[in-house]
Amino acid sequence: TTVFERINALNPDYIPKNLPHREIQIRELTVNFRDILINPGSTSVRVVITGKTGTGKTVTAKKFGEIFSEIAKEKGLKIFYLHINCHRQRTLYLILMEIARQLNLQIPNRGLSSQETFKLIYDYLDKRNIQLILALDEFDYFISTSPVEDIYFLVRIYDELNALVKRIHYIFILREMSSLASLDKSIKDHVIKNIIEFHPYTSSDLFDILDDRIKTEKAFREGAVPEETIKFIADIYGVDKGGNGNARLAIETLELAGKIADTEGSPQVSIDHAKKANSKINPELSIIIDTIKDLDLHQLLVVKAIMNLHKKEGVDFFPMGRVEEEYNLVSRELGAPPRKHTQLFEYIRKLKLMGLIVARQSGKGMRGRTTLISLSVPLSTEFEDLINNEIRDKLL
Ligand code: ADP
């Protein structure tokens with residue numbers, strides 16, 4: 001017996017019917033590429049998609065490609081969407097070979113130059129009147145490893161060919177806009193036209209994404225994943241809850257939680273299964289667990305104080321004075337007389353050395369200079385439980 005129904009719907013390469021919270025981005029892509037439908041051949045469209053890992057850049061680009069080539073077909077136009085991963089196809093040559101392969105075009109195996117190879121590809125498109133949308137995923141990687149001439153060639157293919165009819169359009173997929181910084185202005189101008197940003201997902205975004213995989217895509221049997229488990233996973237990764245907003249990790253955690261439920265012979269995926277899955281997927285956390293076990297009561301109370309502030313105020317850094325106030329409050333509440341100011345400084349120094357907190361000096365703007373403090377780990381329910389449990393054990 002198993003909690004899964006269609007486990008392949010959780011596969012990282014699976015493209016679901018719906019992409020919750022990426023409808024706007026798909027619409028923006030469609031608007032940007034509309035010219036190819038209206039006046040094919042007149043311009044080469046270039047769009048940059050940027051955002052952190054797991055924000056849906058790849059899946060959204062692919063989905064757009066599906067939808068857009070379908071629209072074109074209905075209008076009697078041939079628009080092909082090709083997705084190339086520049087991390088897998090590491091050089092200009094391999095990228096060109098991959099384009100040919102996806103087009104089903106045989107390239108003679110006798111050491112053609114990039115120009116010659118490209119000419120073959122262009123002629124192929126021209127003969128069949130095809131417009132090509134080339135999505136270059138992990139383009140950061142291509143920029144950081146390729147010779148400038150190759151980058152130049154790839155993004156300025158038309159000038160090389162003197163082609164009158166524009167047939168190639170680009171989606172550059174970048175993790176960081178700053179990876180373009182090293183390029184010449186002339187190349188940059190060719191890349192940066194329209195920028196579509198993908199923000200990290202919030203907890204409620206992730207809830208919708210997971211819920212859609214479970215229910216619409218039927219990854220799990222009906223009723224196998226209670227709402228509270230979905231919410232728990234969404235809270236771990238939601239950017240508004242201190243997570244990284246990464247949908248890939250959220251889906252992976254859900255899948256692993258299901259496998260753990262299966263191993264334990266449970267008909268439902270519980271929060272506890274999700275916690276176990278999370279500590280496997282986030283090895284950082286297991287290192288942190290060891291560190292926390294070494295802390296004494298008052299060090300733990302300092303961590304709890306900072307945790308409380310993060311939760312209450314939702315900002316990243318707190319002045320030392322605020323931490324001290326909150327620490328005094330927390331200690332009294334738990335019946336442990338707070339330690340003196342100098343001792344508190346010592347705790348902070350120690351926690352910083354252990355990598356649990358980050359401390360920095362305030363810049364100008366605040367009166368005088370003060371130490372600002374932040375937790376170095378994302379605030380998650382799991383982390384919170386860990387601290388609270390340790391404090392409880394040490395109070396006994
Ligand atoms: P990126 O390219 O930004 O690193 P991906 O597109 O690879 O992110 O997405 C990571 C995983 O999360 C994939 O399995 C993808 O299907 C899924 N995913 C991301 N965003 C969404 C969304 N809005 N709806 C459904 N699934 C999503």
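So, let's start with the largest pocket: domain 1 (23-198) and domain 2 (201-281) both give residues to its lining, so it lies between them. Those domain bounds come from an automatic or database domain assignment.

Quick caveats. This is a predicted model, where local features need pLDDT of at least 70 and side-chain atom pairs count only at pLDDT 80 or more, while totals for chains, interfaces and linings use all residues. Residues are numbered from 1 along each chain as its sequence is written, and side-chain values use heavy atoms, with hydrogens and water left out.

Back to that pocket. Its volume is about 970 Å³, meaning the space filled by probe spheres set on grid points joined across faces, edges and corners. Lining it are 43 residues, and P12, D13, T58, V59 and R248 are the closest to its centre. A pocket here is an open set of points on a 1 Å grid over the protein atoms alone, where a 1.4 Å probe fits, with protein on both sides within 12 Å along at least five of seven lines; lining residues have an atom within 4 Å of a point. By class, the lining has 15 nonpolar, twelve polar and 16 charged residues. Nonpolar is Ala, Val, Leu, Ile, Met, Phe, Trp, Tyr, Cys and Pro, charged is Asp, Glu, Lys and Arg, and the others, Gly among them, are polar.

What about the second largest pocket? Its volume is about 430 Å³. Of its 21 lining residues, D240, K241, G242, H310 and L379 lie nearest the centre. Domain 2 (201-281) and domain 3 (288-395) each contribute at least three residues to that lining, which divides into eight nonpolar, seven polar and six charged.
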